[in-house]
Amino acid sequence: MKESPEDASTASAPQRLYTGSERPFDPEDLVMASGHDVTPKRVEAARRHIEEKGAAALERYLP
């Protein structure tokens, strides 16, 4: 019996999906969540934003 594409994709899916900032995150995560390429300038801006807003900085981009 052949596996369907749906079977293959669910086999490697995480058991639990996380949203928002319920887990630790880095400035690089914030840059990627905002849809931008990771550059030193954007990482530094994200680091400052996290210091100011805390978890709300990431929750702006994730459900």
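Visitor: How many helices and strands does the protein have?
Guide: The protein has 4 helices and 0 strands, where helices (H or I, at least four residues) and strands (E, at least two) are DSSP runs numbered from the N terminus. The order from the N terminus on is α-α-α-α.

Visitor: What kind of model is this?
Guide: This is a predicted model, in which local features need pLDDT of at least 70 and side-chain atom pairs count only at pLDDT 80 or more, while totals for chains, interfaces and linings use all residues. Residues are numbered from 1 along each chain as its sequence is written, and side-chain values use heavy atoms, with hydrogens and water left out.

Visitor: What share of the residues counts as buried?
Guide: 17% of the 63 residues. Buried means under 20% relative accessible area, exposed over 50%, and partly exposed in between (1.4 Å probe, protein chains only).

Visitor: Which residues make up the largest nonpolar core?
Guide: F25, L30, V31, V43, A46, I50, A57 and L58, 8 residues in total. α2, α3 and α4 (56–59) each supply at least two residues of this core, and α3 gives the most, with 3 residues. A nonpolar core here is a set of buried Ala, Val, Leu, Ile, Met, Phe, Trp, Tyr and Cys residues joined through side-chain atoms within 4.5 Å.

Visitor: Pick V31 from that. What is V31 in contact with?
Guide: Leaving aside neighbours within four places in sequence, V31 is in contact with H36, D37, V38, R42, V43 and A46. Contact means heavy atoms within 4.5 Å.

Visitor: What share of contacts joins residues at least 24 apart?
Guide: 52%, among contacts between residues at least 6 apart in sequence.

Visitor: A33 next. Where does A33 lie?
Guide: A33 lies in helix α2. A33 counts as partly exposed because its relative accessibility is 27%. Beyond its neighbours within four places in sequence, A33 is in contact with L58, Y61 and L62. A33 and L58 are 25 residues apart along the chain, and their C-alpha atoms are separated by 7.5 Å.

Visitor: Which residues line the largest pocket?
Guide: L30, V31, S34, H36, R42, A45, A46, H49, R60 and Y61. α2 (27–33) and α3 (40–53) each supply at least two of the lining residues, and the largest share, 4 residues, comes from α3.

Visitor: Is R60 exposed or buried?
Guide: R60 counts as exposed, at 60% relative accessibility. R60 is found in the segment after α4. The C-alpha atoms of R60 and S34 are 8.9 Å apart.

Visitor: And H49, what is H49 in contact with?
Guide: L30, G54 and A57, leaving aside neighbours within four places in sequence. H49 is in helix α3 and is partly exposed, with a relative accessible area of 24%.

Technical notes: On a 1 Å grid over the protein atoms alone, a cavity is a set of points where a 1.4 Å probe fits but cannot get out, and a pocket is an open set with protein on both sides within 12 Å along at least five of seven lines; lining residues have an atom within 4 Å of a point.
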